[in-house]
Amino acid sequence: MATQMTDGHRRFLQVLMSHGIMEGSVARTLHRDCCEIHKVYYAHDKLDDFINVVNIHLQPFFMQIRKGMSEDDGRTYYALVNLAETEISKMASDYTENELELFRKTMDVIIISESGFASSTNILNLADQLKTKKMKKKEAEQVLQNLVQEKWLSESQVCETCGIGMHLPCAGKYFKAQTEPHCPHCNEFWPHEIPEINRPDSQLPSSAPRERRRTSSSGTRRR
């Protein structure tokens with residue numbers, strides 16, 4: 001595989017940087033356009049190879065283009081990510097140092113769980129374990145809400161019988177036509193209020209018991 005960085009690769013990187021994150025079909029179109037404009041070899045099924053060339057040249061800068069699958073819609077997305085945590089990189093975030101620590105601890109809880117979910121109660125309990133600066137439960141709850149609103153985390157409903165979880169948009173779509181919703185796994189009655197499909201992901205049904213609400217990471221699926 002050729003590893004030479006061409007103007008086509010540079011254009012692709014520049015456009016991706018301006019977007020921050022890009023849906024797969026858009027990235028494939030951009031790949032084709034960049035290759036055609038700069039007379040670079042193009043193959044419709046070689047986008048990942050094309051990106052690997054860019055990533056080789058991004059290594060000295062501790063950056064990488066990564067691909068992940070959205071848990072909400074199953075579509076593929078590409079994003080430019082920073083691999084090193086420095087004082088300069090911290091300044092690029094809108095979150096404070098202890099808020100970022102809470103997010104990292106939340107991700108740890110989600111990753112090690114068997115279900116891929118973490119209850120809001122367990123996450124709020126992490127506020128007392130922060131090394132940077134401890135956080136009050138109310139402050140942690142606001143940070144958690146912000147992370148959901150900005151799509152860093154997704155909220156879920158959980159079956160009280162078998163424990164299977166569904167993201168709110170998925171639950172809204174799945175149960176839309178059912179007058180008496182039942183769990184897709186165990187077929188028991190689904191006790192939660194069914195979200196409206198056009199409702200923002202950050203809103204929770206008021207009838208869902210707090211301890212049964214779950215949060216999962218948005219972006220890439222665990223494999």
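**Salt bridges and overall makeup**

Modeller: Searching the whole structure turns up 4 salt bridges. Keep in mind that this is a predicted model.

Colleague: What does Asp7 pair with in a salt bridge?

Modeller: Arg10, through the side chains, at 2.9 Å from N to O.

Colleague: Where do Asp7 and Arg10 lie?

Modeller: Both sit in helix H1, residues 7-19. They are 3 residues apart, about one turn of the helix.

Colleague: And how exposed are they, Asp7 and Arg10?

Modeller: Asp7 is partly exposed at 46% relative accessible area. Arg10 is partly exposed too, at 39%.

Colleague: Which residue does Lys46 form a salt bridge with?

Modeller: Asp49. Their closest N and O atoms are 3.9 Å apart. That counts because the cut-off is within 4 Å. Lys46 has a relative accessible area of 38%, partly exposed. Asp49 is partly exposed at 30%.

Colleague: What about Asp33 and Arg32?

Modeller: Their side chains meet in a salt bridge, 3.4 Å from N to O. Asp33 is partly exposed at 30% relative accessibility, and Arg32 is partly exposed at 34%.

Colleague: Switching topic. How many helices and strands are in the chain?

Modeller: The chain has 8 helices and 7 strands.

Colleague: What share of the residues is buried?

Modeller: 37% of the 223 residues. The chain exposes about 13,600 Å², with carbon and sulfur atoms supplying 50% of that area.

Colleague: And what share of the contacts with a separation of 6 or more joins residues 24 or more positions apart?

Modeller: Such pairs make up 58% of those contacts.

Note on methods: Residues numbered from 1 in each chain as written. Predicted model: local features only at pLDDT ≥ 70, side-chain atom pairs only at ≥ 80, totals over all residues. Heavy atoms only, no water. Helix = DSSP H or I, 4+ residues; strand = E, 2+ residues; numbered from the N terminus. Buried < 20%, exposed > 50% of the residue type's maximum accessible area, 1.4 Å probe, protein only. Contact = heavy atoms within 4.5 Å. Areas by Shrake-Rupley, 256 points an atom, 1.4 Å probe, with all protein chains shown as cover.
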